[in-house]
Amino acid sequence: MSRLYDRVALIGLGLIAGSMALAMKRAGSVGEIVGTARSAATREAALARGLCDRAVESVEEAVAGADLVVLAVPVGAMAEIAERMRPHLSEGATVTDVGSVKRAVIGAVAPHIPQGATFIPGHPLAGTEQSGPEAGFAELFENRATLLIDEGVPPEKLDRLARLWQGMGARVDVMDADHHDLVLAVTSHAPHLIAYTMVGVADDLGRVTDSEVIKYSAAGFRDFTRIAASDPTMWRDVFLNNREATLEILGRFTEELFALQRAIRTGDGDMLHDYFTRTRAIRRGIVEAGQDTGAPDFGRGGKA
């Protein structure tokens, strides 16, 4: 694959940024990769794994001379970082992110993008419950969707970034920010909140000891615990920054849950059977669409 960017700056060196670095190197689509993270230990680990060619202490130093900047940090930190990097961005640079909320990220980052640079929000729908530079792997994005947000960006820059993601194995779709946030509230954000809640309920049940929860965990509960292992800082920021869409979906979920509760209470087996038949068909559609392969979507997984 031909080189698309001469120098990439990774702001944050967790699971997603580390996987991007390995996937970009494998594809030969970028030149130098410069990384930064708050922790010296994280920077050293990233260098040791070969995720970046240089690891620097500051955001300002990382973005200098970069033609692509990737914000792979919690949503709540993006405004401060964007403000710090603004005077140091190169003319013509593209800035993107990997956060699982888009409208709030645009509000935080876009005001700090100088004239001559371009901000293209992005979201790879891939991750694991693991975190840190050690968790990254080049195959993370294989056959997974990456969503790019087009709010009037130059077509050639959008195409260039899309080709970068395609070179990493991703399937790229373009949509607007508000639609993204609603879709992700359904497919990721509300399910994560439900998973956290179910694990919390199990913990609160005094008659079920911790050892029993672990010993007798069936597949369904193991899935809940796996999801609930995701990074708490990231998910705090997700819910605070996508509250409207998440609350809308949780309201609809509550209505459905009440309907099922009523069917169970009244012994309405036909309603339960019809409901489960319909939802099983949806599950089959997900599998047929190829969305049950590879790593599950944890937003940025361990963190990013």
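Biologist: Which helix gives the largest share of the lining of the second largest pocket?
Modeller: In this predicted model, helix α4 (residues 78-85) does, with 3 residues. The pocket has a volume of about 600 Å³. Among its 26 lining residues, Gly 12, Ala 37, Arg 38, Val 73 and Pro 74 are the closest to its centre.

Biologist: What makes Arg 26 and Glu 139 a salt bridge?
Modeller: A side-chain nitrogen of Arg must lie within 4 Å of a carboxyl oxygen of Glu. The N to O value here is 3.9 Å, so the pair meets the definition. Arg 26 belongs to helix α1 and Glu 139 to the loop between β7 and β8, 113 residues apart.

Biologist: Why is Asp 67 called buried?
Modeller: Buried means under 20% relative accessible area. Asp 67 has 15%, and is therefore buried. Its side chain meets that of Arg 160 in a salt bridge (3.6 Å, N to O).

Biologist: What makes Arg 252 exposed?
Modeller: Exposed requires over 50%. Arg 252 is at 51% relative accessibility and therefore counts as exposed. Arg 252 also forms a salt bridge with Glu 248, their closest N and O atoms being 2.8 Å apart.

Biologist: How many turns separate Arg 252 and Glu 248 in helix α11?
Modeller: About one helical turn, because they are 4 residues apart in that helix.

Key:
Residues numbered from 1 in each chain as written. Predicted model: local features only at pLDDT ≥ 70, side-chain atom pairs only at ≥ 80, totals over all residues. Heavy atoms only, no water. 1 Å grid on protein atoms, 1.4 Å probe; cavity = no way out; pocket = protein on both sides within 12 Å on 5 of 7 lines; lining within 4 Å. Points joined across faces, edges and corners; volume = space filled by probe spheres on them. Helix = DSSP H or I, 4+ residues; strand = E, 2+ residues; numbered from the N terminus. Buried < 20%, exposed > 50% of the residue type's maximum accessible area, 1.4 Å probe, protein only.
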